Amino acid sequence: MAAEKLRDLSQPIDVALLDATVAAFYGTGSKEERTAADQILRDLQNNPDMWLQVMHILQNTKNLNTKFFALQVLEGVIKYRWNALPVEQRDGMKNYISEVIVQLSSNEASFRVERLYVNKLNVILVQILKHEWPVRWRSFIPDLVAAAKTSETICENCMAILKLLSEEVFDFSRGEMTQQKIKDLKQSLNSEFQLIHELCLYVLSASQRAELIRATLSTLHAFLSWIPLGYIFESPLLETLLKLFPVPSYRNLILQCLTEVAALNFGDFYNVQYVKMYTIFMVQLQAILPPTTNIPEAYAHGSSEEQVFIQNLALFFTSFYKFHIRVLETTQENIAALLMGLEYLLNISYVDDTEVFKVCLDYWNSLVLELFEAHHNLENPAVATANMMGLQLPLLPGMVDGLGSQLLQRRQLYSSPMSKLRMLMICRMAKPEEVLIVEDENGNIVRETMKDNDVLVQYKIMRETLIYLSHLDHEDTEKQMLKKLSKQLSGEDWTWNNLNTLCWAIGSISGSMMEEQENRFLVMVIRDLLNLCEITKGKDNKAVIASNIMYVVGQYPRFLRAHWKFLKTVVNKLFEFMHETHPGVQDMACDTFLKIVQKCKRKFVIVQVGENEPFVSELLTGLATTIADLEPHQYHTFYESVAHMIQAESDPQKRDEYLQRLMELPNQKWGEIIGQARQSVDYLKDQEVIRTVLNILQTNTSVATSLGTHFLSQISLIFLDMLNVYRMYSELISSSIAEGGPFASKTSYVKLLRSVKRETLKLIETFLDKAEDQPQIGKQFVPPMMDPVLGDYARNLPDARESEVLSLFATIINKYKATMIDDVPRIFEAVFQCTLEMITKNFEDYPEHRLKFFSLLRAIATHCFPALIRLSSQQLKLVMDSIIWAFRHTERNIAETGLNLLLEMLKNFQNSEFCNQFYRTYFLSIEQEIFAVLTDTFHKPGFKLHVLVLQHLFCLVESGALTEPLWDAATVPFQYPNNTMFVREYTIKLLSTSFPNMTSAEVTQFVNGLFESRNELSTFKNHIRDFLVQSKEFSAQDNKDLYAEEAAAQRERERQRMLSIPGLIAPNEIQDEMLDS
């Protein structure tokens, strides 16, 4: 009953009843009561006449939640229906809201009590303003300023309204208002700003009320980024702000205002004012925070206000220096003030807070880069001067010298802060990715379990900064690092963190020094670290030192190649670490060993001075003891490393002998297992035996990865036995699943058997993929696999089919190309139909099979296209359907494989004699499907390929390659003169029905544009981008995928820049063909 009464809006609403309903909704009553109340309130909210009751409700209720409910209704009307309301209703509402605000904010008591309500009313008023002002409410700002002068509380609230207005117009307007509306509002605010400006200055100089001054400062802060500059620099504003700066309750707000001013950047017009502002500020700052303060400590023990002050201080200095540091480099006093400011910023950089450090680090990085680029250009002066002057003319040598001495002076000016900055970078270096050993929160040294992306990003910026610093002064960098290292040795500065950051810093500047300096430096570093490892006691300590030795040596391959003695010592040290059971040490030892061997492999297969045999031979002799304590995965990394050494041996006889010695242990084990199996097959069913088989296969795969073709002698030994084991395990799996139903496939026993099958396939695939293109290898290995592998795939139940079979055959076809044509029908028969049935039920099941299936299809389409032409039309239809199925996927890599495959099919069919037949069948459906994925928002990453497919289709139609009509003569009312006309009509019809919100003129214009720009890819692509935005399917949220190609080009340019500066790309990341012969 009550509900009906509330829903009847023909007479004034019963406010007491509404209060009760709102209370029930927020109340603690039963769930039913809440649901009923919710339903009533929703009905009221959706009723178009409800807003007429708002004034009545606001006047008669005391309940804050009811007021908010009424204002919510009102906000909806203002946002979506305001301009449709009659003028008197709009004016009535506008005046009412203004009056309530004035009434509530005119006296202190009601203003404090009703604060939340007033804030909401302010928001409503600003929403109204966005529609009414400046056109229909010209006098708004003068009225507001006049009201503000009547009382301090009204003034405080007026400031809040102005701040909201500024934020709405300048910060949140994108996507909310049209460009023209934003422009009008900005102009009105600018032209009427004088009144606001006078009001702010008046308050700051005359008022004694802290709340009012704080409100005024925070409004100013919102305005400073856009107001006309004269109001800032040609008025007493800055002086007033600086005068109030020492007052504790205002200093944070004032600092934010000054930071906004510091971040303005518009040429040299106000340099004098900037210098003045900076010098007064520095004097004030010394009184608040004496230069001798230990800032990191003060921050750690400070209140939250004080911490915010230090954060704001960092923002102020970094903004000021970023844009105006040059104005302080002029006179001696200015330079002194600048150096003092830099000193403050250096101290703030030591504060233990990530956000504060990020702000400082970003600035240090840009300053050092600027100094470095000037210094770098000096070394190739011709380029630099032309660039600096913006001239393409040869300049006189005298000018270069003049510039040079200026630059040198500037470098000397910064040399002391830069030296301190080097120390900062060394002390706070972030952890690189290769280091696996970390300290946990309980102070124990453990293996890292998760990568922290923030730390990696920070490491990248710090590493770059330190490399620039190192280039600016190699001597100082080296001196500081060695001095800090000697303190570690003497024990006065020894902590895990100090040693870690120092070693990470040493590793990070690899490649930035000249070779002989780097050699001298590293000899000292490695010698000291090895000594430190000898003299320090305690497992944890040793683990930390070990991880640092490994990190540093892994970063300097050039040094190790040049110093055999050091290389040998380091490798033997790594072998020692391989017996160290402390978490993470063995992993890191194996990873570092692999990294070093990849860069220095030749050094291990030649007889070095003072040795009797190559190192690899010595290593193989002691192999069993070296790997005794390793886990299986470490064991495989070790085998991969040694195989890299063997691969560097050029004498085939020696190489085979080394390989045989390396594989002796696994082969012996394999021989035993196969021997036992010949006597009784059941031996192979034992879980331990299965694990051993798996381990042996993985070891073989690791070695095959490094050796490629030279692995032939080893794989030939085990190949046929391996296929027999594969077949047997496969039958075991099938029988287990047949007996135990679908759950059997989840048991650990079946999983283990499948791991062996997968590893077998992976081993064969790795070998064939890495082997050089020798047809006889294909002849030797492919035919024996047809039945055990392919036949087995077809015979198995879906849950027991290995997706690796698909990728193995994709690799084989990519490798042996057209020679495989005769085998394609057999492959097709075995895998096609049965895999399609698995993956076309939905988009989720068998994700592995999906991607590999389409990769196999793509290999066939690329290299064995004639085999596809021989398919029956039903089979070809299956292929085409599966391709469309692929690019409909939201899984990015499957969709991309499908689109690439489609492009290849389209091109191949265009050049074949079946061109007309194929396109008659598929042209329209492909066009329709591509438009469907292009215009929905789930497939943005495929944009580049969608565009290429459409471009192909439109070019094909225009090229005249299709000699038969694409339309079905029986169903069209009249015949088209040519295919182009037909496709144009078809496309316009297709898009008009898909986008009813677009006019037919817009659609026609788009389709004509497609035909016109078809030969020019970038125009064609932009044309489609514009259409997507225009069709409203793609709002401004996130369209970066549509610009992915452009972003990739930008990244490549950045990489080229980095390659030109020694050390910026770490030596172990450069794919050099090892110059270590």
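I began at phenylalanine 832: with 4% relative accessibility, it counts as buried (under 20% relative accessible area; exposed is over 50%, partly exposed in between; 1.4 Å probe, protein chains only). The model is predicted, so I note that local features need pLDDT of at least 70, side-chain atom pairs count only at pLDDT 80 or more, and totals for chains, interfaces and linings use all residues. Residues are numbered from 1 along each chain as its sequence is written, and side-chain values use heavy atoms, with hydrogens and water left out.

**Aromatic pairs**

I searched the whole structure and found 56 aromatic pairs. Rings of Phe, Tyr and Trp (its six-membered ring) pair if their centres lie within 6.5 Å; planes under 30 degrees apart are stacked, over 60 edge-to-face, the rest tilted.

I looked up tryptophan 137 with phenylalanine 140. This pair is edge-to-face, 5.3 Å centre to centre, with 65 degrees between the planes. Next I took phenylalanine 828 and phenylalanine 832. They are stacked, 4.2 Å centre to centre, with 10 degrees between the planes. Phenylalanine 828 is buried too, at 7%.

Why are phenylalanine 828 and phenylalanine 832 separated by about one helical turn? They are 4 residues apart in helix α43 (residues 824-839). Helices are DSSP runs (H or I, at least four residues), numbered from the N terminus, as strands are (E, at least two).

**Charge over a ring**

I checked lysine 757. Its charged end sits over the ring of tyrosine 726, 5.3 Å from the centre. Arginine 984 lies over the face of phenylalanine 1011, at 4.7 Å from the ring centre. The test is NZ of Lys or CZ of Arg within 6 Å of the ring centre and within 35 degrees of the ring normal.
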